[in-house]
Amino acid sequence: MATLSFNPTRIRIRTSTFKHSNPISKPIRISPCSITRNLPKLRHFRISSVSESSVSTHKEEEEEDGEVFEEDDPTEEMSYLDPETEPQGISEWELDFCSRPILDMRGKKVWELVVCDNSLSLQYTKYFPNNVINSVTLKDAIVSICDELGVPLPEKIRYFRSQMQTIITKACKELGIKPIPSKRCLSLLLWLEERYEAVYMRHPGFQKGSKPLLTLDNPFPMELPENLFGEKWAFVQLPYSAVREEVSSLETSFIFGAGLDLDLLGIEIDDQTLIPGLAVASSRATALAAWMNGLEVCAVEADIARASLILSVGISTRYVYATYKKTTVTTNEAEAWEAAKKACGGLHFLAIQEDLNSDDCVGFWLLLDLPPPPV
């Protein structure tokens with residue numbers, strides 16, 4: 001049994017080679033995780049109504065605890081910028097441009113543009129009829145957002161639907177914006193989850209049981225490129241308090257990786273709860289971490305049936321990251337690791353080190369394995 005240290009906190013690991021592994025002597029100890037995840041607190045400020053082609057409705061008033069309040073109108077659009085936010089500081093957006101389970105007066109599905117930044121300081125929504133969906137419409141809408149909210153064009157825009165890649169890429173490049181295909185649009189994904197119940201299901205044109213027009217890809221995993229190979233790997237655990245320290249250190253130390261805004265995502269976990277992760281060791285750890293840093297790492301999963309680890313990057317790229325000898329013991333360990341990840345709401349991490357016995361890492365990615373949005 002080896003040990004791995006992140007800052008002062010030591011975690012138990014089991015070492016395996018990257019290409020294959022010897023049988024695991026005993027399963028990792030997975031502690032039960034008590035997690036509460038609240039959806040992001042969204043600010044609702046509307047300045048315009050839905051397009052002509054959509055169905056209109058009236059606002060309703062309800063009474064709760066003796067107070068009367070006006071219910072949000074699901075047909076209205078949103079245009080919001082946090083007044084305490086410096087507009088010049090918003091350089092990256094998250095964007096979705098897709099149909100919704102809502103029919104307009106023509107009986108056609110309504111499309112919607114949803115834009116935010118990762119802190120939800122900027123929030124924007126706009127409905128469109130299905131006969132104007134093209135890169136010109138999107139480009140004009142991006143410019144309109146900047147004009148309405150007084151923000152500059154973003155440097156980067158992340159999006160998570162591969163089917164919209166052509167339209168989004170063309171619109172962005174004409175505006176000098178870098179488009180980034182990535183499932184690390186977590187604020188956007190959680191917002192869409194919230195909007196499904198708070199907005200779409202309450203819309204008078206909502207079609208119950210309607211399946212998403214543009215489903216997310218989950219392709220068969222490919223062979224891992226040679227430059228991404230490590231030499232050894234291990235299932236590991238790290239207390240939540242230490243995970244937060246690692247995320248904080250990403251801003252001050254010279255290591256590769258990416259964190260998550262855990263407060264914004266509404267994740268509430270006890271500091272001593274063990275978060276599952278994967279540690280990868282390599283004699284060329286710095287180069288490996290640098291390559292990984294440009295991949296928009298999304299998640300790591302244990303494929304129990306195929307006795308392998310799957311690395312998901314970008315929108316729909318999946319790699320066989322490592323394999324292990326399939327035995328009852330190794331299967332139990334992989335199942336325990338996946339169960340721990342699920343118990344933590346999908347939260348897990350990837351760490352890259354020069355040696356699994358090292359006290360330091362050269363790359364640290366905090367990951368959240370979310371189910372696809374309902375739209």
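User: What average pLDDT does the protein have?

Analyst: This is a predicted model, in which local features need pLDDT of at least 70, side-chain atom pairs count only at pLDDT 80 or more, and totals for chains, interfaces and linings use all residues. Residues are numbered from 1 along each chain as its sequence is written, and side-chain values use heavy atoms, with hydrogens and water left out. pLDDT is the predictor's confidence in each residue, from 0 to 100. A score of at least 70 is reached by 80% of the residues, and the protein's average is 82.

User: How many salt bridges does the structure hold?

Analyst: A salt bridge is a side-chain nitrogen of Lys or Arg within 4 Å of a carboxyl oxygen of Asp or Glu. One of them joins Lys156 and Glu92, at 3.9 Å from N to O. The number of salt bridges in the structure is 14.

User: Which strands hold Glu301 and Arg318?

Analyst: The side chains of Glu301 and Arg318 form a salt bridge with an N to O distance of 3.1 Å. Strands are DSSP runs (E, at least two residues), numbered from the N terminus. The pair ties together parts that are 17 residues apart in sequence, because Glu301 lies in strand 18 and Arg318 in strand 20.

User: Is Arg318 buried or exposed?

Analyst: Buried means under 20% relative accessible area, exposed over 50%, and partly exposed in between (1.4 Å probe, protein chains only). Arg318 has 10% relative accessibility, so Arg318 counts as buried.

Conventions:
Helix = DSSP H or I, 4+ residues; strand = E, 2+ residues; numbered from the N terminus.
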